[in-house]
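Student: I have a model open and would like to go through the labels it carries. Could we take them one at a time?

Tutor: Gladly! Let's look at it together.

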Amino acid sequence: MAEILAIYPGSFDPITNGHLDLIERGSQLFDRLIVAVLTNLEKNPLFTVPERVEMLRETAHAIPNVSVDTFSGLLVDYARQKQAKVILRGIRAFTDYEYELQMALMNRKLAPDLETVFLMPALAYTYVSSRLVREVYQHGGTVTCLVPPLVEARLHQKVFQGKK
Ligand code: PNS
C-alpha cells in the first residue's frame, strides 16, 4: 500500500505541548508527517517564522517520521505539491469545531481527494493555545508544563530580554 503523508498546518506561535501531543499522535498514525508553518500570517506574530521552525525542529527532532517545513498561499496547493493525502488538525473543544469544520469543508471543495483528519490532544492540554500562552507569559504568568522547556526559554528571551 502507498505510504500516507499527512500535513499538520498551523501558525505555531509558539509550539505548545498540545501541538506536540498531536504531532506524536499523528506520527503514529501516518507514515510521514510534515508540520507546516504558514508564512503569510495576517496576525502580528510574536516569533518570526524561522524562530518557530527552529523551535518545532528542536522539539520534534527525536520523532523520525516528522519533518518541519513552511508554506504560503493555499494549503491545498501545498498539499498537492507534496502529494499528501491527509491534513491533520487538532480539536480541543466545541468552540474549535465550527472554524475547523469550515476550513475542512472549504479544503474539501478545493481538493476533494485530500482528507482532513481531526485528533483530540490529551485532556490536560485541551485549554492550551498559543495565544493564551503568549498572553499569560507576557503578563508574568507561568507556562511551565504547557510548552516544551526550550519554548519557555525562548519566550523568556523574547519577552524579557527584548530579543528580536
Ligand atoms: O494555527 P492556525 O492559525 O489555526 O492555522 C490556520 C491555518 C494555517 C491552518 C489556515 O489559516 C490555513 O490553512 N491557511 C492557508 C491558506 C488557506 O489555505 N486558506 C483556506 C483554508 S480553508
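Student: Why does Cys145 count as exposed?

Tutor: Keep in mind that this is a predicted model. Exposed means over 50% relative accessible area. Cys145 has 58% relative accessibility, so Cys145 counts as exposed. You will find Cys145 in the loop between helix H5 (130–138) and helix H6 (149–160).

Student: What is the phi of Cys145?

Tutor: Phi of Cys145 is near 75°. That is a positive value in a residue other than glycine.

Student: Where is Gln83 found, and what is its phi?

Tutor: Gln83 is found in the loop between helix H3 (75–82) and strand S4 (86–90). Phi of Gln83 is near 60°, again a positive value in a residue other than glycine.

Student: Why does Gln83 count as exposed?

Tutor: Use the cut-off of over 50% once more. Gln83 stands at 68% relative accessibility, and therefore Gln83 counts as exposed.

Student: How do you know that Val159 counts as partly exposed?

Tutor: Partly exposed is the range between buried, under 20%, and exposed, over 50%. Val159 has 23% relative accessibility, so Val159 counts as partly exposed. Val159 is found in helix H6. The C-alpha atoms of Val159 and Leu46 are separated by 9.0 Å, and these residues are 113 apart along the chain.

Student: Is Gln28 buried or exposed, and why?

Tutor: Set its 70% relative accessibility against the limit of over 50%, and Gln28 counts as exposed. Gln28 lies in helix H1. Its C-alpha atom and that of Leu119, 91 residues apart along the chain, are separated by 12 Å.

Student: What makes Asp21 buried?

Tutor: Buried means under 20% relative accessible area. The value for Asp21 is 9%, so Asp21 is buried. Asp21 has its place in helix H1 (residues 17–29).

Student: How do you know that the side chain of Asp21 makes a polar contact with the side chain of Arg25?

Tutor: A polar contact needs a pair of N or O atoms within 3.5 Å. For the side chains of Asp21 and Arg25 the distance is 2.6 Å, so the pair is a polar contact.

Student: What joins Asp13 and Pro14?

Tutor: A cis peptide bond, with omega at about 0°. Pro14 has its place in the loop between S1 and H1.

Student: Now the ligand. How many residues surround the ligand, and which are the closest?

Tutor: There are 14 residues around the ligand, and the closest are Ser11, Lys43, Gly73, Leu75 and Arg89.

Student: Which polar atoms lie 2.4 Å and 2.8 Å from an oxygen atom of the ligand?

Tutor: A polar side-chain atom of Ser11 lies 2.4 Å from an oxygen atom of the ligand. For Leu75 a polar backbone atom is 2.8 Å from a ligand oxygen atom. A polar side-chain atom of Arg89 lies 3.0 Å from an oxygen atom of the ligand. Taken alone the ligand exposes 550 Å², and the protein buries 78% of that.

Student: Why does Arg89 count as buried?

Tutor: The limit for buried is under 20%. Arg89 has 16% relative accessibility, so Arg89 counts as buried. The place of Arg89 is in strand S4. The C-alpha atoms of Arg89 and Val35, 54 residues apart along the chain, are separated by 11 Å.

Student: Which element supplies the largest share of the shell around the ligand?

Tutor: H4 does, with four residues. Strand S1 (5–10) and helix H4 (94–110) each supply at least two residues of that shell.

Student: How do the residues of the shell divide into nonpolar, polar and charged?

Tutor: Eight are nonpolar, four are polar and two are charged.

Student: Which pocket does the ligand take?

Tutor: The space taken by the ligand is the largest pocket.

Conventions:
Residues are numbered from 1 along each chain as its sequence is written. This is a predicted model: local features need pLDDT of at least 70, side-chain atom pairs count only at pLDDT 80 or more; totals for chains, interfaces and linings use all residues. Side-chain values use heavy atoms; hydrogens and water are left out. A residue is near a molecule or strand if one of its heavy atoms lies within 4 Å of it. A polar contact is a pair of N or O atoms within 3.5 Å; within protein, one must be able to donate a hydrogen and the other to accept it, and residues adjacent in sequence count only if both atoms are side-chain atoms. Accessible areas come from the Shrake-Rupley method with a 1.4 Å probe; for residues, only the protein chains shown count as cover. On a 1 Å grid over the protein atoms alone, a cavity is a set of points where a 1.4 Å probe fits but cannot get out, and a pocket is an open set with protein on both sides within 12 Å along at least five of seven lines; lining residues have an atom within 4 Å of a point. A molecule sits in a cavity or pocket if more than half of its atoms lie within 2 Å of its grid points. Ala, Val, Leu, Ile, Met, Phe, Trp, Tyr, Cys and Pro count as nonpolar, Asp, Glu, Lys and Arg as charged, and the others, Gly among them, as polar. Buried means under 20% relative accessible area, exposed over 50%, partly exposed in between (1.4 Å probe, protein chains only).
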